[in-house]
Amino acid sequence: MAVFPEGRGAGGEGERVHVVRLGVYGEEGPLAVAPVHFDADAGEAALLPLHLHMPARRAQACQRQSAFALFAPVVADKRFLIIGGGIVGLATALKLARRLPGARITVLEKEPGVGRHQSTHNSGVLHCGLYYKPGSLKARLAVSGVQEMTAFCREHSIPHEICGKLVVAVDEDEVARLHNLQERGAKNGLLGLRWLNHGLMREIEPHVGGVAALHVPQEGIVDYARVCATMLELITLAGNRVVTSARVTALREHASGWVAETTAGAFEGDFMVNCAGLHSDRVSELAGERREVRIVPFRGEYYQLRKEREFLVRHLIYPVPDPEFPFLGLHYTRMIHGGIEAGPNAVLAFAREGYKKTDIRVADLWDALTFSGLWNFIRKHKHMTWMEVERSFSKSLFCESLQRLVPEIRERDLEPGGAGVRAQAMSPDGTLVQDFCLVARPKALHVLNAPSPAATASLAIGEEIAGQIVPAL
Ligand SMILES: Cc1cc2nc3c(=O)[nH]c(=O)nc-3n(C[C@H](O)[C@H](O)[C@H](O)COP(=O)(O)OP(=O)(O)OC[C@H]3O[C@@H](n4cnc5c(N)ncnc54)[C@H](O)[C@@H]3O)c2cc1C
């Protein structure tokens, strides 16, 4: 264990008094960080009065001990409540446990098991950061996230494969946008991006159409259900808890923390992290936040290729996405356990967990219809909204979109597949929030937008959250 100054936290150049932070590092990385009051003129440094929270006897004893002994018991034994046992909540629990081994962490999940919503109703792709605006949180966490997720899968023998993908331009318009995407990917630090003409594309995917493609070799596929199950195992092995069938119905803040009322009883914590996915805006409201940005559910429906036609797709084939939307467009995905999926579309859903077209939940519908953002979105994107509804009900339109990438695909090749619902944050002016959104409060942190590629980036998001919380404790 070693103690290092972490850098200045407050006070600027030339100011007499600074608050610096002292980090305590174990073999596995940072264990705890404490603020230190540093008076440059007097040449004095003092730990900020964390010990005031301790009984007097312990504080006196601590003054004779090392810095670690002084603050570690205060910070490290904090109780954390994490609301939502999806991949982001589970990864956050893992990362907090690693930074603060003495912390007591409770994950509260409303379903009977973990990862029952977005985390296992997705394309199963490991995204490596091609699409995201350079400098954004998404770009940073996707790039580090895919490496961390791949290492995690290797370490725990979770099925995965870095098989690479093609992003295909079907006309000159798309060629220009694909060039922009290539530049973006390069700025984000992706390695091995390769521009392919029609002939070269077909060496990788013999049945692909289009005029040019970008080969993205770092992209892959994975079993996210196994990732969630492994995270659950690691959390409980470390002595922390995941309580299932515990829907948080109320949150009460008190002087030193929170009480979460759930369908499985009440739970107390000093700090709360909201990772509730499709319900994250509602959970933030339970904690007293104003719901300015709201979750709007977009269902993504898939077809599956008939077994005899699976030879048409080898790996991953994607279109050039419309830069106005965070959705990637209908694509082909080889699944890690076999089979080829085609989809997903992005159609407005009438229920936040509405996996079927006919699923309607009055509370969710009312919530959406009374939100000005939704009407502004529909006004601005009438064509896209209507086209998605039509394509959802028309297999032939769905098939036409897929034929842009693989012309030999026929309607009869497509069998009904699954669906997922995206938790997409929307602003009151109808703008879709593109970046990940983490909102920090003194005793809480809310993850208010964690759409794709948050499954890939979950460990990096967890690290980011732990990195924001721990120094502020
Ligand atoms: C169709 C589709 C395709 C996608 N494809 C990919 C992909 O290929 N690669 C990729 O990286 N990402 C992909 N994504 C995105 C990715 O799946 C999500 O970004 C990620 O799973 C978000 O994880 P989460 O933990 O935030 O949300 P979730 O998995 O939805 O977890 C939130 C959890 O909170 C729980 N919860 C909610 N409210 C409460 C409450 N009040 N009390 C207790 N618990 C509560 C829920 O039950 C749920 O388990 C896709 C998403 C969709 C929908």
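**Exercise 1.** How many residues surround the ligand, and which are the closest?

*Solution.* The structure is a predicted model, in which local features need pLDDT of at least 70, side-chain atom pairs count only at pLDDT 80 or more, and totals for chains, interfaces and linings use all residues. Residues are numbered from 1 along each chain as its sequence is written.

Step 1: apply the criterion that a residue is near a molecule if its C-beta atom, placed from the backbone, lies within 6 Å of it. Step 2: the shell around the ligand then holds 42 residues, and G84, G86, N122, G277 and G420 are the closest.

**Exercise 2.** Describe the composition and origin of this shell.

*Solution.* Step 1: sort the residues by type (Ala, Val, Leu, Ile, Met, Phe, Trp, Tyr, Cys and Pro are nonpolar; Asp, Glu, Lys and Arg are charged; the others, Gly among them, are polar). The shell comprises 19 polar, 17 nonpolar and six charged residues. Step 2: turn to the domains, whose bounds come from an automatic or database domain assignment. Domain 2 (76-160 + 218-292 + 434-473) and domain 3 (294-426) each contribute at least three residues to the shell.

**Exercise 3.** Locate the largest nonpolar core.

*Solution.* Step 1: collect the buried Ala, Val, Leu, Ile, Met, Phe, Trp, Tyr and Cys residues joined through C-beta atoms within 7 Å; buried requires 20 or more other C-beta atoms within 10 Å of a residue's own, with C-beta atoms placed from the backbone. Step 2: the largest such core has 123 residues, and I82, I83, L90, V167, I317 and I461 have the most contacts inside it. Step 3: because domain 2 and domain 3 both give residues to this core, it lies between them.

Key. Buried ≥ 20, exposed ≤ 12 C-beta atoms within 10 Å, placed from the backbone.
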